[in-house]
Structures are given as C-alpha cells and as structure tokens.
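Q: Please take a close look at the place where the two chains meet. What holds there, and how do the copies relate to each other?

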Number of protein chains: 2
Amino acid sequence: MAECLIAGVGFHPFGKFPDRSLKDLGAVAVLEAVRDAEMPLADIETAYVGNSYAGLTTGQESVRGQVILRHVGLSGIPIINVENACASGATALHQAAMAVRSGMVDTVLVLGVEKLFVGDTKKSIRALSTSTDVETMGDRGMQFTALYAMKARETMETHGISIQSMARVAVKNSRNGSLNPIAQFRKPQTIASVLSSRVISEPLTLLMCSSIADGAAAAILTSKRKARRAGVSKPVYIRGCGLRSGEYQRRDGLTERNSVRAAANKAYEDAAAGPDDLDLLEVHDAAAPSEIGHLESLGISPVEQGYRGLVAGRYDLEGELPVNPSGGLLSRGHPTGATGVAQVGEIVLQLRGEAGKRQVRNGHSIRAGLCLNTGGRVEDDRAAIAVTVLSL
Amino acid sequence: MAECLIAGVGFHPFGKFPDRSLKDLGAVAVLEAVRDAEMPLADIETAYVGNSYAGLTTGQESVRGQVILRHVGLSGIPIINVENACASGATALHQAAMAVRSGMVDTVLVLGVEKLFVGDTKKSIRALSTSTDVETMGDRGMQFTALYAMKARETMETHGISIQSMARVAVKNSRNGSLNPIAQFRKPQTIASVLSSRVISEPLTLLMCSSIADGAAAAILTSKRKARRAGVSKPVYIRGCGLRSGEYQRRDGLTERNSVRAAANKAYEDAAAGPDDLDLLEVHDAAAPSEIGHLESLGISPVEQGYRGLVAGRYDLEGELPVNPSGGLLSRGHPTGATGVAQVGEIVLQLRGEAGKRQVRNGHSIRAGLCLNTGGRVEDDRAAIAVTVLSL
C-alpha cells in the first residue's frame, strides 16, 4: 500500500460571508492549498468534494464540486461529490486517502466547503435537520442540540459533572479560537459569560453550541513517491483512517455499540498506533460536553477523569494533550462540509510548527495528532463517524 | 491490485411508484442483490450510495444512504453518499471498485437510487436542472433536452442524418424495453409513432427523450479471493473504470476535448482492452441521437457509419454489437442516480446468460461489455462521464 501524505492545506476563513458564493469560498481554499503544496494545479489527478447542504441552502445540488473547481480552472479529471452530513469533509478525505494508498493515482485534491449563511436562518436550520431520517425524525423538532442537551443532562447525573465544568470546554476553545485567524468567533469567554449566554436547549447555552457558518478547507494529498519527485518540503502523513456509519456491527458476531470507539479502533489499527502516541487532537465539539465525551470513546480518558484533566489545563495549548487548538467547532466555527478537512488542516499546521500564536507546546515534540469528525443520526445510529490519525 | 468482480445484482423496477419511498426503492434492490450474490448481508464491509436529487425531491438530503440501509438492517459499516448528477450511480460503482481493488476491503455494496415522482413534476424538473452551474445556467431555461436538440440539429446538418434515422434508436430501444420486466416503458414503438409523439424540443419528440422515473439498482462487489471462499457461482469482473469531469485535460500538455473519449480511453487502458473486444454496450441515451453520437466517442463507429449500422440492425439484440439491450434510458427509464448501476446490472445479467427474452445472441460468445453513464454540464464542460468495462 502506498504511503499517503498531505503536501499542502488551505482555508477560506470561517464565518458569515453574505457576499461570497459557494464557488468563492471553495476557490480560495483550493488555491491556497495548491500554493502551500508548491505543486502545480495540473498535478491534481482526482478531486473529492465534501459538502452537506448546498442543494438546500444555495440551490446548487448535484455537481457542486465541478462548479467550484471549474471556477479555479480545474477540469478534465474525475471529480467526486461526497456527502455525509457534518462528516462530509472527513469522508471525502478518507476517499482521497484510499485513492492515493491504492496506488491508482498520486495526487488528489480534497475540498470541504459549506455555505450556510444565505439570508434565511430557518432555511439553514431546515437543511441541517436533513441529517437524519426525515420521515421518522425530521418533523419531531428533535434538533441535534436537543439530543446533545439530553446527553449533557445524562452526563451531569451519571458522573456528577457540573454545568460549570462543561462550560470550561467553551472557555478553552474560545481562547484557542481567539488566536486563530480563520476562526469565526475570536472573543475569549469566561465561565460566567458562557453560562449567561441565552439557553438554547437546557442546560446548553448559546456559547456551548456550535453555530452555523460559511467556510472552506482544502488539502492536497499525494504519494510519498510523488512527494519526493515534487520536492514536497513539509509532508504530514495520513497514517490511519476509520470511517463508520451506525452503531451496530454484526460481522463476526461482534457488536460495538459505541461507533466513535469503533471508528477510532479502526484508525488506530490502520496507523499501528494508539491513544498514547497522540500529541494533540481536533475533536467534534458540536456541543461543549461532546468534546470530553469523545475523549472517552477515543480511549484517551474516562469522562470524570476527562473533566478533571480539563480543569487542570491538560487540554490547553500548553497542556500535556492539547484538544481543539483551532478553537474547535465552537470557536473556529462549523461550516459543516468544511469541518473535517479544517480539522486535518489544523493538525497539519501544528505538526509543521506553523500554527502561529496557537502553536501547541511551541512546536516541541509534536509528532502525531488525531481528528474526529461526526455527522448526522438515523434513529439511534450515528450516521457517520470519521477518525483520522496523522503524523510526521 | 486485487481483482474486483460483481457477485450479485438487484433492481427495483423503474417507473412511477407514488406509494414507494426512497427507502422502499433502495431496500428492494439491495435485498435482491444480496440474494443474487448468495452472500450474507453481514459480509458487506462498506457501502457506496449514488443518488442525485433526493434532497430536492423528497427532502432527504445528506445521509440518504444511511437512512435506506438502516431500513434493511445494514449498519456499523462505512456508508459513503456519492453525487455526480445522472452519473451518480456509476461514480459510486467506481469508488466501490477502487475500494475492492485497493485490497483494503473485500466486499462492497453499491446502490443507485432515485425518487423523482413526488407528485410535483416542476419540482422534479427543477431538481434535474441543478446538474449545472445554477448561478450561470440554472435560470436560462437551458434544459438538457434543449442542448440535446441543438446537438441533434448539428448532427443532421453536418452528417446528413435524417430525423427518421434518429427515431430508429427509440424504436430499437422500445423493442428491447418491451422484453425487460423492470422497464418503465414496455410498448414497442414505430418510426411513425416516435415522430408523431409531441415535440419536446425541436427536432426531438417525447419518445426520443428520456423521462423521469423512480427506481433503484444495486450490486455486490467482491474480491476474487473472497468470491472463491464464498463460492460465488456467477462472477462478472470489473476490468476497467474511467471517470472524468470536464473536457479539459491539462496534464502533460495534452488536451482531449471529448470527455467521453477520454473516459473510454482510460477504461480501455485499465482493462487492457479496446472497442473490438466488446460484445454489447449500455450507453447513456438520454436523447435518441446521443446513443449513436456516443458510439463514435467510444471508438466503435463514426456517426455516419453508426447510423448505417443502426439501420442494418447491427445494434439489435440479434445484431453484431447489441446496444442498450435493457431498453436504455429511453425505455428501461432513467431514475438518474440508479441508471449507472442498472446499466452495469444489465451487462452482468447478459454476460451470465440470464437476460431472458432480451438475451443477446442467445448468450453465445458473449464475454465482454461496456457501460457509459454521463451526468450534468458546467458551462461547456460535461460534469461527469463514467465508462466501465466488464467481462467474464
């Protein structure tokens, strides 16, 4: 199997850009990734484009990848549009990594892009609500935030975690986001400001929930062979990919009910690595407590220990295991289809020591990171979980 | 590279099914494919689902594959939703083939599914019109049929082809469709009936244009190694895949303006085969004259010779090179996302000698076939072209 590395990454800032179209957002990220990789656009042999809701928010369904990439002059290659709710970006990246690892192509572009600010918030919320079985759940008002709130309440009761502790996730991520030039929200928050923001779904407040955003992130993946020929100077390797839809796994009679754990185990196995090998993480903090919950599933720390670590600063930029140095979904923002690629882009910058003011541990001894990107829910199944392990 | 074969195929009939949901359509095809493969559902390690417009026609955007497959009890595996306009099905199939050929998995499900009859034809037409750049072309009334009509007019003038000759494609395909139990239209037509049906876009009449449909098709792909262990009795191999978006190809300074030819050349190269090795074809006859135009791009026969062959019966079921034995898009029908998988399914049945009354050449000396599935248009670029070469 060919080794696959990331030669370059690019972003369009996350936030509200009423004057920018899906094409504008995507083009900026793609051209920046190409520049960063120091490879010509013509080296790109295939492109995977992850987007979740453009058909419903902008009317551009179907061939959005082709529309965006034509805009930057990329044509005459296979372009594959991939959709997996909020995990569309990482799903596209995993497909691209498979293409390179298979040896069938050398260089592949991945673009994650989303346009959610279209002057009609209800329309955007309605689009987001299609990340479930619309026949059985779509009309029940069971927005994802409500599910996160129920889970938060359960965590509070089962583990004796306070809402103040949960708010600390938002505080930490707001501090990180304040140092990230592409972040949507750059104001550092306090426990008091987080808890006094308006309630979205009891006990979760506005600043504990990810918001809607426009944005894009891109990556150029290539084979080790090609990277050597092209003189790629800052390679970061994709070591392991785990993708999973749904909780049930009937193969070999095994059932793993925790799909995040299942996807992580697959990625760890693929990478021949484990939680102890990681130096930093980008995890899907769609709601503040999700971050710490995910750490348990990823084999990092059980929930109670996770919150103790949070309070002790373990996941801060200067901590033992920085989590969401980018600001995460809460502060960098969550333009759904872009998120999974942006997470990977953040790990790439951090491993290269190019993360500026939010550089973890001043770049010393940072060798490996992990991204967790999740999306959607069908009945009691998570719809898509993607875990990616990267290292120098 | 592992060899990839098709172990089983399944279909939901194409047509108008007002009482069947996207889930119903998909479930029927998947379960039939699993039965046909004689492999347990639990052997499926990954699934690719091709669908073009459900978000706009049914409201089920985003995680449609998960919603459908959960309905048949398939969960806990990676599910990847793929979109490439009318070529979504073949694009999904190519991704699945890559997964198997890479050696990373053995058994992969491909489902192509579409629900276009939703009680509001305008809504369906509007959904179809998103297979272009909606900002620049979406509002110009430039429906695909208008583009096909312009191309037909050009062919008539450049090559001296009569509209009667073009109508013969529809006549042939209606005869084939009349023998296909899954076909949407099963009434054999004559040149007179084709030409006297109402004009859609001069010179194309209703019976020379593909229509909207509901439907689904599925295939179980597996590795040769796994097939041997599982005792797969009727393997058909995927020998070559060529996927391309857009006419331009700037690599190595080469420019191939004909993207169908480019995709075909890639598939031929992949299969180490050429047009002369083919015994039958399923090609994307979205409009009647497209069929003969595509034969030129595929390297089968220049346009004028193509029409002479058509008149001489060369592409009939009993002819030297049967084309669209299924009835094609014109008669089997065109539930967009399902079409590419259904084309492959037809070739599989034909190569296995199981195509019933429409079996070409009574199944004698039929060893290899090709499918051409196309989708969308962005400016003057075709958005997706997928060519697949299959053989025993």
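A: What follows describes the interface of chain B and chain A, then a few local details of the chains.

This is a predicted model, in which local features need pLDDT of at least 70 and side-chain atom pairs count only at pLDDT 80 or more, while totals for chains, interfaces and linings use all residues. Residues are numbered from 1 along each chain as its sequence is written, chains are lettered from A and ligands numbered from 1 in the order in which they are written, and side-chain values use heavy atoms, with hydrogens and water left out.

Counting contact as heavy atoms within 4.5 Å, 63 residues of chain B touch 63 residues of chain A. The size of an interface is often given as the accessible area lost when the parts come together. Here the buried area (accessible area, 1.4 Å probe, that two parts lose on being put together, summed over both) is about 4,900 Å², and carbon and sulfur atoms give 50% of it. Glu61(B), Arg70(B) and Met104(B) supply 13% of the area that chain B buries against chain A, more than any other three residues.

There are 8 salt bridges between chain B and chain A, a salt bridge being a side-chain nitrogen of Lys or Arg within 4 Å of a carboxyl oxygen of Asp or Glu. In one salt bridge, the side chain of Arg64(B) meets that of Glu83(A) at 2.9 Å, N to O.

Helices (H or I, at least four residues) and strands (E, at least two) are DSSP runs, numbered from the N terminus. Elements giving two or more residues to the side of chain B that touches chain A include helix H3 (64–71), strand S3 (79–83) and helix H4 (88–101) of chain B. Strand S3 (residues 79–83) of chain A and S3(B) pair in the antiparallel sense over 3 bridges, where pairing requires that DSSP finds at least two bridges between two strands. Within this pairing, Glu83(A) stands opposite Asn81(B).

Some details lie within single chains. Over all chains, the count is 48 salt bridges. One of them joins the side chains of Asp270(A) and Arg101(A) at 2.8 Å, N to O. Asp270(A) lies in helix H10 (residues 259–271) and Arg101(A) in helix H4 (residues 88–101) of chain A, so the pair ties together parts that are 169 residues apart in sequence.
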